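Reader: I am new to this structure and would like a friendly tour. Could you show it to me?

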Amino acid sequence: MSGFDLSAILSNPEFRLMLLHGVEMTFIIYVGSWVLAMTLAILLLCLRISPLRFADPVVKAYVSYHRNVPTLVQLMLWYFGIYTLMPDALTGWLANHNAEAIFAVIGLGLCQAAYFSEDLRSGLRAVSPGQMEAAKALGHGYVSAMRFVIMPQGVRNALPPLINHSVSLFKNSSLAIVVGASELTHAIKEIENVSFRTFEIYLIGTLIYLFFSLLIMGAGAIISMRADASMRAR
Amino acid sequence: MMIQDIVNIIKDYWLLLLIGQYPNGPLGGLVNTLVLSALAIALAFPLSILFALARLSTFAIVRWPVTALVYVTRGVPLLMLILWCYFLVPLWTGADVPSFWIMLVTLVIYAGAFLSEVVRAGIVSLGPGQMDAARALGHSYMGAMRYVILPQALYNMIPSMISTFVSTIKDTTLGYVINVPDLTFAASQVNNQLLTQPFQVFLVLALVYYVLCWTLTFVANSVEKRISRRRAGPVNARLPAESLPLKTLTEQL
């Protein structure tokens with residue numbers, strides 16, 4: 001094999017297509033699990049601040065499980081374990097609809113929801129209780145005080161950890177390779193097996209991951225800057 | 001039924017899950033997971049101090065490469081880093097390196113980069129006054145670091161160290177992709193022997209990790225409360241512990 005040659009990979013249409021499919025699948029998994037995680041996180045948060053007495057220990061157990069068990073093990077439990085316990089009709093449907101990607105989204109999303117909900121909760125907790133009292137004294141109801149006074153401040157407090165965890169989620173999407181989803185890391189390994197140009201393809205893969213991670217960090221930085229600016233403008 | 005299965009799995013395979021095939025093969029299982037993470041943290045700790053000092057250095061030639069390394073390590077999935085080491089370590093050493101050592105190298109770099117951010121934050125949060133005062137008392141830069149800055153910064157860092165240890169335990173599971181004989185590997189061996197009870201086997205695996213990481217996180221939190229109380233001093237000693245912000249830097253996997 002000759003020396004370092006990036007074009008051997010980049011000028012090969014087949015490899016380019018494989019990489020593109022990998023990036024596409026990584027994005028589907030990332031966006032899908034992010035949306036699932038955020039939805040669940042908000043739900044968990046609502047349960048936790050609600051006066052329902054059974055809710056608090058349930059949410060605590062959920063968060064504790066998902067933070068203390070490695071994400072990889074959670075994914076394995078979903079794909080190798082729970083998948084086999086499902087009724088046949090559902091299993092058949094999933095098998096025809098890219099079950100690997102679906103379980104990657106479910107596993108990563110449920111896990112990430114625990115982190116997101118904790119981020120949001122600590123953001124809300126950092127808003128002083130005086131804010132709620134002041135809003136009520138000004139004639140806001142509970143919901144409208146939440147909507148206009150507490151939530152904007154709480155979410156702004158929670159932004160830095162939410163951004164960090166969004167980047168982690170993007171990186172964790174690579175774990176989907178273990179359940180067999182054909183995402184970016186999978187594409188990289190496939191191309192390596194065919195081309196034997198390990199160094200080149202790893203370099204390309206690393207740069208793709210790095211680029212999107214930095215993009216998410218950058219977008220996060222802009223969002224928090226604008227949130228701060230809009231707060232100061234008031 | 002299901003509980004009976006789980007009890008049977010633990011009864012039949014506890015030794016395999018604990019130490020792998022040790023007397024007849026390489027050390028594995030839970031013990032290997034712990035050895036791997038403890039070694040990784042022990043080696044990453046001095047490395048992270050060097051990284052942090054390099055990042056705070058006034059010499060751009062020292063600062064830039066380390067800053068780049070830290071950003072790359074934080075921006076790339078651990079899995080990608082493992083693949084790199086799996087490819088490069090045997091190439092450089094020219095030997096057939098066992099996957100355990102490849103995983104150790106990866107984890108040292110990864111945990112080192114993350115810990116260096118903790119160390120750096122610890123040093124920066126002390127404020128410039130400490131360094132100025134130490135220099136005024138006649139310490140050199142290194143002397144001030146050694147005797148004044150680092151002892152304080154590292155003491156405040158203990159909880160973050162423990163939570164990085166927890167993260168590292170969780171990170172070792174990724175050794176599965178290069179067949180490191182750890183707890184996850186042992187569980188998948190058990191699964192391959194049983195074939196019919198994947199849910200039960202992986203549930204046992206999840207439970208073992210849960211107990212392990214929950215206990216260590218609990219220790220980290222109690223140490224953190226103690227440290228915040230000590231730092232708050234005797235006047236504030238009667239403040240309820242909840243009112244103190246818990247700032248353990250957790251990095252997830």
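Reader: At roughly what angle do the axes of helix α2 and helix α8 of chain A cross?
Author: This is a predicted model, where local features need pLDDT of at least 70, side-chain atom pairs count only at pLDDT 80 or more, and totals for chains, interfaces and linings use all residues. Residues are numbered from 1 along each chain as its sequence is written, and chains are lettered from A and ligands numbered from 1 in the order in which they are written. Helices are DSSP runs of H or I with at least four residues, numbered from the N terminus, and axes are lines fitted to C-alpha atoms over the stretch in contact, with angles from 0 to 180 degrees between N-to-C directions. The axes of α2(A) (residues 13-49) and α8(A) (residues 142-172) come within 9 Å, and they cross at roughly 135°.

Reader: Which word describes α2(A) relative to α8(A)?
Author: Angles under 35 degrees count as roughly parallel, over 145 as roughly antiparallel, 65 to 115 as roughly perpendicular and the rest as oblique. The crossing angle is roughly 135°, so α2(A) is oblique to α8(A).

Reader: Which residues of α2(A) and α8(A) make the contact?
Author: Two residues are in contact if their C-beta atoms, placed from the backbone, lie within 7 Å. From α8(A) come A:S166, A:L169 and A:F170. Their partners on α2(A) are A:Y30, A:S33 and A:W34.

Reader: How many helices does chain A have?
Author: From the N terminus on, the elements run α-α-α-α-α-α-α-α-α-α. Chain A has zero strands, and its helices number ten.

Definitions and conventions. Helices (H or I, at least four residues) and strands (E, at least two) are DSSP runs, numbered from the N terminus.
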